[in-house]
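Here are a few exercises to work through with the model open in your viewer. Try each task before reading its solution.

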Amino acid sequence: MTGVVGWGGLATSLALVVVAAGVSLWQRLGLERQILWASARALVQLLLVGGLLALLLAPNTSLWWSWAWIAVMIAYSGDVVRRRAPEVPRLGPLAVAAFAAAALITLGVVFGLRIFPLQARTVVPIAGMMIGNSMTATVLVARRLVDELRDKRDEVEARLALGQSSRQAATPYVRVALRSAVTPQIETTKATGLVFLPGAMTGLILAGVAPVQAVLVQAVVMFLILAAVATTTVVVVLGLVRRLFTADHRLTTLSRHTG
Amino acid sequence: MSGGALFAFEDVVVDRDGVLALNGFTAVVPNTGITAVFGPSGSGKSTMLRLCDRLEVATAGRVLYRGLDVTELDPLQLRRQVGMCMQRPTPFPGTVADNLLVADPQADESKMQEALEQVSLQGSWLDRDATALSGGEAQRMCLARTLITQPDVLLLDEPTSAVDVTAARTIESAVRELADASLAVLWVSHDPAQVHRIADHILEVDHGRCVGGGPIMRDDPRSGGVGL
């Protein structure tokens, strides 16, 4: 058995969704509809993506379609980030720029240095993992920076009043925000293999790939995600500093998250 | 008229989303001594002070510093010349020395000790944790942090409102000495007794307008100034 799942296996796995809905019913959480809707939506999205990937991976399909796919992923992720942190002004375009910068750097290293061959079957999933895993950190860093500057406004303005530029005045709060966003990824990287087996490796092993080969792929993916998280978060905070301060070094009014 | 003044406000309006913090504020701040900006809470005193340091900008009208429109000056240069101390103490994380070095990265130990002594703090306090100081000590440290930049003007936004009486008097006498040594001071206060103790001039602010002002009349009835 290679771990290939058939339609019957998929149908049987729906029993696990029933378990989750059952827990909700038992504990009167009122989440049954959401669990069923989320599961159905995920299934439809995955089937659609699978269909599109099959087209992309077809032998005669140009690699440009893969890059176009990545561009759409980046644009969509920017919108998701914007909706998850509505209190951060004009975050969407900044997140898009951050994901694009991270894609350029990380994919440049991975494919430019020939760690993976540049093919549709490698470039699309790797870009997907890079962007998907950077989204949470992007939201976290943006929110944290806005929280820091808003809650410590007196302190920030005291720095400005001493003649510091907005960039200098923001530096301590930028560091706090970056640390808070990057640290979870560092912890995840440290715990890999000991506490949990990451998705890419698990998928490869289930698909019958030799464990050592799966480990090598996973290690590259982990490092890629680490670099992507560091890159996206730093681009976002540096961009935000320019937006949260005026050109004449004043801190703008910052709203509070009410969600 | 405004050329000899420290600050001149010409029909200044500050509109914050439809709320007028200043509404046609016109006043002249003299170039010497301590000028108290006096008025009830919410009258626009702090806004007026923030305009001087360009932490805020006027929606309409002009603010002149020594005859020059503040919007035409480099804000960083302006803020080095016009030092400001906030209402609540704002110690930065680190030691007292770390705080002073934020203001003047080139300052040596003797310059830092001198700044502390100007506000009646001991020079030996440089290694103390700034965030562990009491409210009054922290406010004096913040004042020393502003003074180490050697400003031409000192803006104080109710600097004694969050400290005890003893610390308040220490700050008052320290600022008095600085003013007597020719540092121009603009001091926001809502306490008439304090204004009477410290001020040489007064600007009365109410509902976003300057409603009176002039030299303070104390015991000398011939001074012809404003009584409190």
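Helices here are DSSP runs of H or I with at least four residues, and strands are runs of E with at least two, numbered from the N terminus. Keep in mind that this is a predicted model.

**Exercise 1.** Work out which elements make up chain A, and how they follow one another.

*Solution.* Start by counting: chain A has nine helices and zero strands. Reading from the N terminus, that gives α-α-α-α-α-α-α-α-α. Next, check the extent: along the principal axes, the C-alpha atoms fill a box of roughly 70 × 55 × 35 Å. Of the 259 residues of chain A, 29% count as buried. Take the contacts in chain A between residues at least 6 apart in sequence, and 71% of them join residues at least 24 apart.

**Exercise 2.** Trace the six-stranded open sheet of chain B and find its edges.

*Solution.* First, the order: the strands of chain B run E6-E7-E8-E3-E9-E10, with mixed pairing. Strands E6 (82-85) and E10 (209-215) of chain B each have a single partner strand, so each is left with one side lacking a neighbour in the sheet. Ignoring direction, neighbouring strands are turned by 15° against each other on average.

Now zoom in on one pair. Strands E3 (34-38) and E8 (184-189) of chain B are parallel, over five bridges; Val37(B) has Val188(B) in E8(B) as its bridge partner.

Notes: Residues numbered from 1 in each chain as written. Chains lettered and ligands numbered in written order. Predicted model: local features only at pLDDT ≥ 70, side-chain atom pairs only at ≥ 80, totals over all residues. Pairing = 2+ DSSP bridges. Axes fitted to C-alpha atoms, helices over the stretch in contact; angles between N-to-C directions. Buried ≥ 20, exposed ≤ 12 C-beta atoms within 10 Å, placed from the backbone. Contact = placed C-beta atoms within 7 Å.
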